[in-house]
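Trainee: Hi! Could you walk me through this structure while I have it open?
Mentor: Happy to, let's take a look.

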There are 2 protein chains.
Amino acid sequence: MRVLIIGGGGMVGQKLAGRLAKDGMLAGKPISELVLHDIVSPDTPEAGFPITTLTGDISQQSETERVAVLKPDVIFHLASIVSGEAERDFDKGWDVNTRGMWHLLEALRTAGTGYRPRLVFSSSIAVFGAPFPEAIPDDFFTTPLTSYGAQKAINELLIGDYSRKGFIDGISIRLPTVCVRPGKANLAASSFFSGIIREPLNGKEAILPVPDTVRHWHASPRAAAGFLTHAASLDTSLLKERRALTMPGLSCTVAEQIEALREIAGEDAVKLIRRQPDEEIMAIVKNWPENFEARRATELGFKAETDFRDIIRIYIEEDLDGGRAFSATAVADRERS
Amino acid sequence: MRVLIIGGGGMVGQKLAGRLAKDGMLAGKPISELVLHDIVSPDTPEAGFPITTLTGDISQQSETERVAVLKPDVIFHLASIVSGEAERDFDKGWDVNTRGMWHLLEALRTAGTGYRPRLVFSSSIAVFGAPFPEAIPDDFFTTPLTSYGAQKAINELLIGDYSRKGFIDGISIRLPTVCVRPGKANLAASSFFSGIIREPLNGKEAILPVPDTVRHWHASPRAAAGFLTHAASLDTSLLKERRALTMPGLSCTVAEQIEALREIAGEDAVKLIRRQPDEEIMAIVKNWPENFEARRATELGFKAETDFRDIIRIYIEEDLDGGRAFSATAVADRERS
């Protein structure tokens with residue numbers, strides 16, 4: 001089968017590509033080709049099948065037509081203008097995130113008779129807006145408080161209707177905040193959730209801009225890649241036209257994150273976290289979801305971590321020091337050295 | 001203030017125009033001009049202010065720009081491809097119902113500095129899809145089972161985000177099934193809810209295609225016009241960025257409708273209802289909502305009928321025999337004659 005990842009150069013796209021390269025299979029079938037599309041040329045992992053890269057602006061109708069004529073069997077759509085940028089640049093956010101998705105759906109619909117690809121869309125918990133119940137149920141309404149969230153919620157509705165009409169076989173999965181993100185800190189307000197783990201493990205200072213009572217919803221990059229491959233493999237008739245699913249995750253406080261870091265990497269690592277309250281970030285974070293029921297996704301076999309220590313261990317295994325296998329013991333050794 | 005009704009020629013648009021003509025005021029201010037826009041030229045009521053009619057295709061960007069330059073203070077957007085047609089003609093439904101709304105929002109956003117009109121959008125309970133809880137709460141998710149429902153749900157999200165960003169001051173109100181619709185039966189699957197009341201009151205036979213245990217959600221055309229004017233007058237800061245509201249209505253069974261008809265117009269009227277089960281209509285109706293909580297809208301002062309007899313009386317007063325005041329006594333007199 002031919003697989004396309006739109007946004008294949010991003011962090012989750014790269015994790016997914018690595019997973020597909022390792023598995024060699026998707027939805028029980030061997031992968032014959034993987035196409036990675038992004039605005040700049042993505043890195044390609046070693047794989048037992050050919051990997052092609054394509055670069056272009058997926059918000060353009062012509063670009064969506066260019067990928068649709070490839071008739072991929074499975075399309076992962078991960079490309080997105082992120083929350084902060086979509087809020088600052090209204091036109092760019094709507095163009096890329098929603099007009100682009102609509103162009104793609106039209107291109108797929110008109111790509112040829114009988115063509116009905118599986119489309120897996122990475123939606124977001126940003127479709128929800130405060131105030132929230134203690135744990136958000138699967139049937140909670142989508143009242144986004146950002147343009148990004150509105151764009152994701154609209155895409156879910158478009159994918160639902162194009163699927164119901166038989167033009168595609170789509171599924172939208174709402175990812176938790178992905179943690180621990182490898183690489184450098186970015187400007188996202190959520191960046192510190194990863195930073196307070198990643199930086200100390202790399203012997204660097206991390207800034208904590210919120211109180212440690214803040215609770216949030218996490219999953220590892222490995223779990224995110226697993227959600228995506230599971231969504232590509234799922235019997236979508238089980239969704240009964242409710243094709244947007246909140247993924248399972250781990251609800252924990254910053255204090256619990258820090259305690260997990262202490263257990264794995266010791267007190268010296270924890271000492272590298274510097275508390276520096278930031279009113280602006282606190283104001284944003286207080287409107288974010290803290291916890292979900294995610295019953296439907298769990299029943300459908302989607303799996304996330306249940307212990308934040310596992311999330312840290314996955315970062316250490318996959319990404320610390322460029323991804324060499326780095327055991328908790330090795331961290332402890334380094335701490336002692 | 002200048003008021004625009006898009007879809008001013010439709011049944012609800014005409015009821016609203018009549019109400020505005022009668023009131024002469026909206027949101028506490030005198031109306032200086034009413035513009036009725038539709039695809040064919042709308043009828044105009046007698047009024048103490050000038051009424052202009054405009055005709056055109058509101059799905060076209062140029063047409064939305066044409067109405068935006070008028071800078072109406074309040075815009076009622078009631079125009080829509082109806083459910084059945086949007087399901088049969090996919091492109092037409094999406095073009096008129098959603099691309100048209102998006103063009104309008106862009107036209108309003110770019111119409112001039114400081115312009116921020118109140119936009120009242122007639123959404124629908126079709127944003128919801130079965131299965132349902134016994135009474136649908138305000139925070140229930142929107143999982144439409146028709147393209148029409150998806151289009152309305154997307155418009156709600158667009159209006160929410162354009163409002164949050166300060167480009168418009170919008171509100172989406174989800175109307176119950178409007179009953180008793182005046183005029184002739186139409187091809188909508190819901191047509192019989194009005195037909196079983198309207199036809200007998202006019203001495204004609206009506207077909208009932210479903211069992212009389214079917215429960216549905218109703219409001220009169222007068223209540224619908226009242227929802228719209230109330231939405232135009234509301235302090236939208238009370239909505240707290242949750243700008244889509246399920247309107248109150250009356251949940252009752254077909255048996256209760258018939259009993260109300262019996263009380264008002266007698267047994268001879270009821271005898272004109274012929275039971276003729278229609279599998280196709282039953283299959284559609286079983287996916288429709290039966291009852292809502294509608295707490296937020298009720299708390300915000302939106303009012304619907306609470307007794308189906310009142311819904312019948314309103315039809316008799318406003319629409320029977322071309323709208324002459326027709327009392328229940330008069331009906332009874334006619335029944336006896």
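Mentor: One definition before we start: a helix axis here is a line fitted to the C-alpha atoms over the stretch in contact, and angles run from 0 to 180 degrees between N-to-C directions. Keep in mind, too, that this is a predicted model.

Trainee: Okay, so at what angle do helices H6 and H8 of chain A pack?
Mentor: Helix H6 (residues 191-201) and helix H8 (residues 254-265) of chain A pack at about 20°, and their axes are 10 Å apart. Angles under 35 degrees count as roughly parallel, so H6(A) and H8(A) are roughly parallel to each other.

Trainee: Is that crossing left-handed or right-handed?
Mentor: The crossing of H6(A) and H8(A) is right-handed.

Trainee: And which residues make the contact?
Mentor: From H6(A) you have A:Ile196, A:Ile197, A:Pro200 and A:Leu201, and from H8(A) there are A:Gln257, A:Ile258, A:Leu261 and A:Ala265. By class, that contact has seven nonpolar residues, one polar and no charged ones.

Trainee: Switching to chain B, what is the strand order in the sheet with E9, E11 and E13?
Mentor: The order is E9-E11-E13 in chain B, an open sheet of three strands with mixed pairing. Strand E9 (177-178) and strand E13 (250-253) each have a single partner strand, so one side of each is left without a neighbour in the sheet.

Trainee: How do E11 and E13 of chain B pair?
Mentor: Strand E11 (residues 215-219) of chain B pairs with E13(B) in the antiparallel sense, over four bridges. For one bridge you can look up, B:His218 has B:Leu250 in E13(B) as its partner.

Trainee: What about B:Ala294, buried or exposed?
Mentor: B:Ala294 is buried, because 23 other C-beta atoms lie within 10 Å and the cut-off is 20 or more. Its phi is near 50°, a positive value in a residue other than glycine.

Trainee: Last one: how many residues does each chain give to the contact between A and B?
Mentor: Chain A gives 18 residues and chain B gives 18 residues. On the chain A side, helix H5 (residues 147-164) gives the most, with seven residues. By class, that side has eight nonpolar, five polar and five charged residues.

Definitions and conventions
Residues numbered from 1 in each chain as written. Chains lettered and ligands numbered in written order. Predicted model: local features only at pLDDT ≥ 70, side-chain atom pairs only at ≥ 80, totals over all residues. Contact = placed C-beta atoms within 7 Å. Helix = DSSP H or I, 4+ residues; strand = E, 2+ residues; numbered from the N terminus. Nonpolar A, V, L, I, M, F, W, Y, C, P; charged D, E, K, R; others polar. Pairing = 2+ DSSP bridges. Parallel < 35°, antiparallel > 145°, perpendicular 65-115°, else oblique. Left-handed = near helix turned anticlockwise from the far one by under 90°. Buried ≥ 20, exposed ≤ 12 C-beta atoms within 10 Å, placed from the backbone.
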